[in-house]
Amino acid sequence: MMPSLAGACAAPPEAAPAPLAFVTRVGGALRLAAVDQTAQRLGIVPGLTLADARARHPDLAVTDMDPEADRHWLGRLARRCQGWSPLVTPVPPDAVVLDMAGSAHLFGGEAALAALVDDTMAELGMTCRLARADTAEAALALARHAPGPVTDEPAALRALPVIALGLDPEATLALRRAGLRTVGDLAARPAASLAARFGAGAVTALRRLLGDERRPIAPMAQPAPLRFERRFAEPIAHERAVAACFRDLLVEAAGALEQRGQGGRRFVLTLLRSDGARHRLRIETGAPTRDPALVLRLFDERIGALADPLDPGFGYDSIVLAVPLAEPLGAAQPGLDGRDSAAAVLAELIDRLSTRLGPGGVLRLVPHDSHIPERGQQAVPASRTPAPVRWPPPQPGEPPLRPIVLFDPPQPVEVIAEVPDGPPHRFRWRRTLHEVRLYEGPERIAAEWWRRRGGELPGQGGLTRDYYRIEDAHGHRYWLFRHGLYDEKPAPRWYMHGLFA
Amino acid sequence: MRVAPILSPDSGSLPAAPVLRHWASGVASLDAALGGGFAQGRVHEFYAASEADAGAVRGLAVGLGAGMAGPDRSVLWLRCSRTLGRAGVLQASGWSDLGGRPGQLLLGIVPDTLTLLRSAADALRSAAPGLVVIEGWGRMAELDLTASRRLALAAERSGVALLLLRIEAQPVPSAAQTRWQVASAPSRALPGQAPGAPTFDLVLLRQRAGPCGLDWRLEWHRDQCKFREAPLPGAVVPVPAGRPLADRTGRQRDGGGDDAVAGRSVRSAA
């Protein structure tokens, strides 16, 4: 099977019209390494220099080739394929080999399995070419080089060009120069003379391709899932018995994780009730852990946060603990005084609160690349951003220039200004009239015109805001803005956007 | 899995309450009235004088947080999701403009008051953050004497202070160490009639085992991370050389009641 990789990595499906190409630096020139289907249809092929391709199609979208990301994605595809066969191996840069001997009948035969693979890959947005053959080498060669669907495997193999042998370029060129164009031409010659002229490698490759010699594939390691289960002869309903059993499972999981040098990030507890109902409880931790007491506390939080409490009914038949996500965790050396480090304690608190309040309940603020005030920051779950984020320090000697809270959306105010585009003189907000004592401004903030369609045209880029820092007669400090300049809009409105300390 | 500690001097016994530490605010009279500054490991309540002072009370908490939490410890700020629309979105840029470190800020969004109090108590007990702030809007009926005592005990045990901000609320009895009323005050204008550094009017409504009824007008000095006493508003006539300073009468402000003596002493120290 050979998914067409580079095309599917970056191209969003709805943005079809612009052709897309991936470039890489070869020698001194930028050359196309891979192109998408739109580009292929336009006659842009890999190997072209970027300058040539741009000359033909100026609207070509170009991204750098990222072989590492491709390899990573191929690995994920291969893991996805492990559902069909235990013997799967990715063959970089663009192929995955499945040994489906003995597993194809589970899916209704080889042809049905191939259709299933094709459908699944299509759902993932991948275009792939599938080939079935007796050996992995033959399947790879057919997938990569066969012109169309294969009906007669030996004939198709013999019709393949010699490049399908996968020899080094010099040997391939030498074969071509000798007039040997297809694999069939080669197979018709005596092996000894081939070995004498092109090396033993050519003969081995030929024998493997034609199925005379078999080499087993080296499948990807498939770690056993971390799943721990207790089954009971009689259903248990007593809370204490369930808790004791759960603690046993956690200790068992901790042992298994320790053997692998890992810690769990996600724990799923499934309680199977005797009447067939099942309760699933899931917790996540910010850092990998295998401390049973900590996980137990988090599950307590989770159970406490449930809308309706767990009802054991006539008892649980079985209890299953799974660790679907685990990460490497080395042994840590605690301090001699037996106290945990501050970071570990904080991570534990964040986990507890996140479990209680949900992942969006404990947030950190991280900078976001925008000059529009309300878009300048993002709140992200704290359990996923363990390290403190750096924010630019303020200018020394300046008063606070940004408010401590921002209203979203801004609240409309009625403003009386002395001159139309001047600062506010007095304003009414929440039914109270405020006299302006001190002000600073305007600080002019333009709209992000590049985000709008046609925003580069005059008058189409969105309204400019004029911000004023205002202090009223009582000493309250506000951030007001006028939405629009007078030449952008006839009667621009004023808004309260934030409060200063 | 952690290796068991080899030596644990205090294993098996409850950890002793940490020594009472204070954060000196930078204003001598304020620190003297508080016995050395804002106490760590205690609950401090700040009531906004009116809804318009909601910005002031939060700004004050940011300033206090920058001072009290220390440079590398987190500040946990808890707020109710119901009040987010009225209260506004906390801004990291404004936070850092007040001298705080927004990278250390942990924002907890809780669904109701009961969860708010439970989360605050857990955070205080764990001693993980350097400071816990509760931003409470409205009456908060669940925060009764028992709940407040529970928070105070948790804070005392761990040595982490709790700032309880109350907006749109009337002062009620509680187990807090100090109770303040906070209002914005006119700032010292910068050149060009621009608003200056944040200025607050603070009234010490109550203090456990200490003087109360005092008031201060404080200016937050961001670069030094300290408060300083704000000069009196209005144009100040320079005092001519040779005339004794004692001629200046301290400005008497209302609200002091029987503590007027202390109030005057505070003012005259200006």
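Is Cys128(A) buried or exposed? Cys128(A) is buried, at a relative accessible area of 14%. The views below show this residue and other sites in a predicted model.

View 1. Cys128(A) takes part in none, and the nearest cysteine sulfur, that of Cys81(A), is 8.8 Å away.

**View 2. Helix H4 of chain A has a buried side.** H4(A) runs over residues 67-81. Its 15 residues reach 21 Å from first C-alpha to last, close to the 21 Å expected at 1.5 Å a residue. Asp70(A), Leu74(A), Gly75(A), Leu77(A), Ala78(A) and Cys81(A) are buried. They cover an arc of only 165° around the axis, so they sit on the same side of H4(A). On the other side, Glu68(A) and His72(A) are exposed. An α-helix has 3.6 residues a turn, so residues three or four places apart point the same way.

**View 3. Helix H14 of chain A is covered by elements of both chains.** H14(A) spans residues 342-357. It has 16 residues and reaches 22 Å between its end C-alpha atoms, close to the 22 Å expected at 1.5 Å a residue. Its buried residues include Leu346(A), Leu349(A), Ile350(A), Asp351(A) and Leu353(A). The buried run continues through Ser354(A), Thr355(A), Arg356(A) and Leu357(A). From chain A, the cover includes strand E10 (278-289), helix H13 (292-304) and strand E12 (362-367). From chain B, it includes strand E4 (75-80), strand E6 (105-110) and helix H5 (113-126). Just after the helix, Gly358(A) takes a positive phi of about 90°.

**View 4. Trp77(B) in the largest nonpolar core.** This core has 64 residues. Phe46(B), Trp77(B) and Trp180(B) have the most contacts inside it. Helix H2 (residues 54-68) of chain B gives the most to the core, with nine residues. Beyond four places in sequence, Trp77(B) touches residues including Arg58(B), Ala61(B), Val62(B), Leu90(B) and Trp95(B). Gly108(B), Val133(B), Glu135(B) and Leu165(B) are also among its contacts. Another core, of 34 residues, lies apart from the largest one. Among its members are Leu151(B), Ala152(B), Leu162(B) and Leu164(B).

**View 5. Leu214(B), a buried loop residue.** Leu214(B) lies in the loop between strand E10 (199-207) and strand E11 (215-221) of chain B. Its relative accessibility is 3%, so Leu214(B) counts as buried. Its C-alpha is separated by 5.8 Å from that of Val203(B), 11 residues apart along the chain.

**View 6. Confidence along chain B.** Chain B contains seven helices and 12 strands. Of its 270 residues, 54% count as buried. The mean pLDDT of the chain is 82, and 79% of its residues reach 70 or more. Confidence is highest in strand E3 (residues 43-48), at 96. It is lowest in helix H7 (residues 260-268), at a mean of 38. Over residues 1-14, pLDDT stays under 50, and the model has 18 contacts beyond four places in sequence for them. Residues 246-270 also stay under 50, with 29 such contacts. Where pLDDT is low, the predicted coordinates should not be read in detail.

How values were computed. Residues are numbered from 1 along each chain as its sequence is written. Chains are lettered from A and ligands numbered from 1 in the order in which they are written. This is a predicted model: local features need pLDDT of at least 70, side-chain atom pairs count only at pLDDT 80 or more; totals for chains, interfaces and linings use all residues. Side-chain values use heavy atoms; hydrogens and water are left out. A disulfide is a pair of cysteine sulfur atoms within 2.5 Å. Buried means under 20% relative accessible area, exposed over 50%, partly exposed in between (1.4 Å probe, protein chains only). Helices (H or I, at least four residues) and strands (E, at least two) are DSSP runs, numbered from the N terminus. The expected span of a helix is 1.5 Å times one less than its number of residues. Contact means heavy atoms within 4.5 Å. The arc is that of the directions from the helix axis to the C-beta atoms. A nonpolar core is a set of buried Ala, Val, Leu, Ile, Met, Phe, Trp, Tyr and Cys residues joined through side-chain atoms within 4.5 Å. pLDDT is the predictor's confidence in each residue, from 0 to 100.
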